[in-house]
Structures are given as C-alpha cells and as structure tokens.
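I opened the notebook to look up how this chain is put together. I wanted the fold first, then the charged pairs.

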Amino acid sequence: MSEHGEDLGAPVSYLVLKEGVPVYDRSGDTVGTVEHVLADEQQDVFHGLLVKTGDGHRFAGGDQVDGLFERGVIVSEPAANLAEPSADAPAGLAENRVTALRKAWDWLIQPK
C-alpha cells in the first residue's frame, strides 16, 4: 500500500510478523519499520508494535494496527501521531496502552 500500490502479500498474524517489515499509514505514506512485536503469546494478546521511524521509536497500539501482511503493516496514524515509548506513560492513556508502552520502553532499554 505504498505510493506505488504494491501488493503487501497475504495477511499474517502477529506471531509470524517479521522485524524490519515496512509500516505504512492509511494514506500509503511510510511510517517506518517494525522493530519489535509486543505481545503476550501465552495469553494470545497482541499489545502493538514498536516502530522504528526517522524520528526515533514510536509505539502503535494494537487498536492502531489496521493490518498485518507478509510485506507490510498498515497503521491508522502517521508517525508523528504515534506515542513515543518513555519511562513515564503519557497522561490519559488507557490502562492497556500504558502497560504496552511500559513493555516497549523496557524492551528498548534492555542490554543487547
């Protein structure tokens, strides 16, 4: 769904989504690439994606992900509107979003 209308391939589940897959917003503009999938696989809960953008990492909550495909992800917001993972959760976010942002932050700061 990029500016050239390329086929993003078949839909996939978060369990097989690969890191490095391009992320696009609904208009087809590039948001970034998938850095990490945030999920509780044992409970089959998808929290969202940590997205690497030109302006740093952003968090797309599960409710902001419109589609997961073999060669791309579609999110409902442009990069500038996605939350930045931080140690302090932004005020007003739903509890599950705060938990997912915390997981994104914890993943970012872990030693590699």
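My entries follow, from overall make-up to single contacts.

**Entry 1: overall make-up.** I note at the start that this is a predicted model. I counted the elements and found 1 helix and 6 strands in the protein chain. I then read their order from the N terminus, which is β-β-β-β-β-β-α. I looked up burial next: 38% of the 112 residues count as buried. For the accessible surface I got about 6400 Å², with 48% of it belonging to carbon and sulfur atoms. I also checked contacts between residues at least 6 apart in sequence, and 47% of these join residues at least 24 apart.

Entry 2: In what order do the strands of the open sheet stand? I read 4-3-2-1-6-5, with mixed pairing, for a sheet of 6 strands. Strand 4 (56-61) and strand 5 are at the edges. Each has a single partner strand, so one side of each lacks a neighbour in the sheet. I took the twist as well, and it averages 35° from one strand to the next.

**Entry 3: pairings.** I kept one general point in mind: strands of a sheet pair through backbone hydrogen bonds, either parallel or antiparallel. I started with strand 1 and strand 2, which run antiparallel and are joined by 3 bridges. There, Pro 22 has Thr 33 in strand 2 as its bridge partner. I moved on to strand 1 and strand 6, which pair in the parallel sense over 3 bridges. Here Val 23 has Val 73 in strand 6 as its bridge partner. Strand 5 and strand 6 pair in the antiparallel sense, over 4 bridges. They form a hairpin with 2 residues between them. I found Val 65 opposite Val 75 of strand 6.

**Entry 4: strand 6.** Are the faces of strand 6 covered or open? I found both faces covered. Gly 72 and Ile 74 are buried on one side, and Val 73 and Val 75 are buried on the other.

**Entry 5: salt bridges.** I looked for charged pairs next. Side chains of opposite charge can pair when their charged atoms come close. How many salt bridges does the structure hold? I counted 3.

I took Asp 7 and Arg 71 first: their closest N and O atoms are 3.8 Å apart. Asp 7 lies in the segment before strand 1 (22-25), and Arg 71 is in the loop between strand 5 (65-69) and strand 6 (72-75). The pair therefore ties together parts that are 64 residues apart in sequence. Asp 7 is exposed, at 58% relative accessible area, while Arg 71 is partly exposed at 45%.

Glu 70 also meets Arg 71 in a salt bridge, at 3.7 Å from N to O. I logged Glu 70 as partly exposed, at 43% relative accessibility.

I then turned to Asp 66 and Arg 26, whose closest N and O atoms are 2.5 Å apart. Asp 66 sits in strand 5 and Arg 26 in the loop between strand 1 and strand 2 (30-40), so I logged a link between distant parts of the chain, 40 residues apart. Asp 66 counts as partly exposed, with 41% relative accessibility.

Notes. Residues numbered from 1 in each chain as written. Predicted model: local features only at pLDDT ≥ 70, side-chain atom pairs only at ≥ 80, totals over all residues. Heavy atoms only, no water. Salt bridge = Lys/Arg side-chain N within 4 Å of Asp/Glu carboxyl O. Buried < 20%, exposed > 50% of the residue type's maximum accessible area, 1.4 Å probe, protein only. Pairing = 2+ DSSP bridges. Axes fitted to C-alpha atoms, helices over the stretch in contact; angles between N-to-C directions. Contact = heavy atoms within 4.5 Å. Areas by Shrake-Rupley, 256 points an atom, 1.4 Å probe, with all protein chains shown as cover.
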